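Try each task before reading its solution.

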Amino acid sequence: MPSTAVNRTENTIVCYAPTMITTNGIWQGDNPLEYSLPLFILQLTLVVVTTRVLVFILKPLRQPRVIAEILGGVILGPTVLGRNKEFANAIFPLRSVMVLETMANIGLLYFLFLVGVEMDIAVLRRNGRKAISIAIGGMILPFMTGCTFALITSKASDDAHRGTLVLFLGVSLAVTAFPVLARILAELKLINTELGRIAMSSALVNDICAWILLAIAIAIAESDSTSLASLWVVLSSAAFIAFCVFAVRPAIMWMIRRTPEGENFSDFYICLILTGVMISGFVTDAIGTHSVFGAFIFGLIIPNGPLGVTLIEKLEDFVSGLLLPLFFAISGLKTNIYAIDKASTWGNILTLISIACVGKVFGTALVGYFYNMELQEGIALGLLMNTKGLVEMIILNVGKDQNILDDKSFALMVVSAVLMTGIVAPIVTTLYRPARRLVPYKRRTIQRSKPDAELRILSCIHTPRNVPTIINLLEATHPTKKSPICIYVVHLVELTGRASAMLVVHSTRKSGRPALNRTQAQSDHIFNAFENYEQHAGCVSVQPLTAISPYSSMHEDICNLAEDKRVAFIIIPFHKQQTVDGGMESTNPAFRAINQNVLANAPCSVGILVDRGLSGTTRLAANQVSHHVAVLFFGGPDDREALAYARRMSDHPGISVTVMRFIPGDDAAGAAVVEPSPEPNDPRVLTVVTDNDKERQHDQEYINDFRMKTANNESITYNEVVVNNGEETVAAIRSIDSIHDLYIVGRGQGMISPLTAGLTDWSECPELGAIGDLLASSDFAATVSVLVVQQYVGLGLHGEEVGTPDSPIGDQEAPFGTAAGHHMDRRTPPPQPARNMYSP
């Protein structure tokens, strides 16, 4: 084989030895790279490792995985490593291309099937006319740009060939990659904003239009003459679609009906469907369109629901993790950027990208304007619609295989696809920041909330196990007609990038429909429990939400939602749960990081709930005491907030509250002192810098006020305990009557008290504070739940400038993010772009 034929198939005859599949081993003197199986395994490993490394490198730049996969192929191809003839002939010799392409196309077949399964055509019914208008508006200008560019640069004498080239370039510039767009939107936290919903619907329409145009383009390209062959291809494709819709879909619906809800689908059904994918690919390839067209249509007819998710979960990791990168590697191996040899050609490509991008943005924004979209939203939507991916690569590969595109045109189009997709995420992040109301609100704590106004609580849930205790705690919070409670229930779901997780986001739930997967089933259980509570309890309104985020940025969603909804109190579950033997075990280390970040950045007060069970109060008669709550008061803003919460609870006819105030004795080593922050900018250290005497004065004033207003309340018991050190404090807490089923304590952050001296030395979870950590430890109070409260002190504290909630001066707003009176270093986060939350 001449060296000039490296990775080029034109006019080269390749001989295959059918027996050279597996090697006899290197000890027999065989070179594994001369045998097809070991060579294929090496190629596959190289491709996967290269793409994974690039995914890791490009992640900080917010680049979708498709970019890394295309670049991985380009690096392995003749542009970079393939320039070395020895490397190209050893690792990617011509004889291996057939095996590689076959496996890549099988991966492609199943991936396109999964894309079809992911697409929810019902979205079109909801946003139909608007989505279709925006999709078509965004396609026309880039399509015309591609056609014009092809006509100008094409030197082909054959009119049919030129017509096909025009169609190919037009379609490749006009398409939007639906799967890539879905993941970009999720990463930018836009997927369930109005913008995200329209982008998804429009991309769906765009993708379907692109498939129709692609099928026509292939039909024209593959017919040698202008005979009726193209017409037959189009007609038989239409017949195939009709057969799938009217014959195959009812059969799949029958399979779904035969499977009881909640049960797994039988292996026989799954195997039948996976075989159907290959049969569809064979049929469409035989009639003259591309095999992936059949797989895509077959995926499209599978109804959204448990079957779709089962198929995605079984196939996705293998197909998109192993086989799909092969397809991009093949595209990269065909891409030789050195074929673009002239500066003028690079000028052409930049002009082409600019015009196509601007055309799509202009067309989309123009149609959006007719639908009363803001210009900024229209531009962001246009940029998102510029996302390229798999469909464009398929179009380009078909064009290359049919000799419609030469090396130069192919390289040009691959570069343009990478650039157009690469610029989307950074520009949209910069340009589109959904409007945030930056008007500060005053009622950020329970202490400062008016007793006759609505109390807003944000309740975070990880699993259904968190639900019963939180519902009982909310019921104990005593909603009344005078002071109702508005509860925002947020189910926290990790964004993994898997399509099955994505489906939870953009599926609208209808009552009675089965859950799509385990995550959505959990959401349903959680929301049903809270909705049931709302119906049976008076004066409570529940708003269910799902936050889908990476765990590392989950706290941003929680804090921004609290800010947007003007919440006074956030309840988050502790990261440990009780085991059968009464001990505490960690559920997920990421939950602890979320809790720490929420404590550091929350725009209101926060309570961490250590769940050891809390019996129900809702169904007990009013004269029965069903909860015994103990408040341990040491002093400081957190303890005052804990007391404010218990004070609200004490109005509930079924709750008795015991307040234990710990007072330093004569032997105590000095009064409480303030802990200086070792590093002022360390986000993990939360310190309150204030005057000790003033703190004690505020404590005394609040205790006096509390005792005066609750003097006639028989359900409240107030005790003062004199202790001198940490040991006496622990002994006093252990001596508390065992009838209590909830402790409420302040986190006590920043305050060093002699009463808790030594307790922090053995602290497992410093985020709970000394007392909270003691009560939450496995060897203490095994049946009592604990609520550890941190008061928000970022917007002003008890100073004359802010005043009490009822005083006239309380209505004068302090500047956002600054303390009126004494400055606090429990930091208010700077305003951030709104992170959307997802309603089910």
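**Exercise 1: placing a loop residue**

Ile739 sits in the loop that runs between helix H25 (726-734) and strand S12 (742-746); helices (H or I, at least four residues) and strands (E, at least two) are DSSP runs, numbered from the N terminus. The model is predicted: local features need pLDDT of at least 70, side-chain atom pairs count only at pLDDT 80 or more, and totals for chains, interfaces and linings use all residues. Residues are numbered from 1 along each chain as its sequence is written, and side-chain values use heavy atoms, without hydrogens and water.

Task: work out why Ile739 counts as partly exposed.

Solution: Buried means under 20% relative accessible area, exposed over 50%, and partly exposed in between (1.4 Å probe, protein chains only). Ile739 has 45% relative accessibility, so it counts as partly exposed.

**Exercise 2: the faces of H25**

Task: find which residues of H25 are buried, and what they pack against.

Solution: Start with burial: Gly726, Thr729, Val730, Ala732 and Ile733 are the buried ones. Next, look down the helix axis: these residues fall within an arc of 160°, so they line one face of H25 (the arc is that of the directions from the helix axis to the C-beta atoms). Finally, list the partners in contact (heavy atoms within 4.5 Å): strand S8 (627-633), strand S9 (655-664), strand S11 (716-723), S12 and helix H26 (769-776).

**Exercise 3: the start of H25**

Task: find which backbone nitrogen a side-chain oxygen of Asn725 reaches.

Solution: At the start of H25, that oxygen comes to within 3.2 Å of the backbone nitrogen of Glu727.

Key
Polar contact = N/O pair within 3.5 Å; in protein donor to acceptor, adjacent residues only side chain to side chain.
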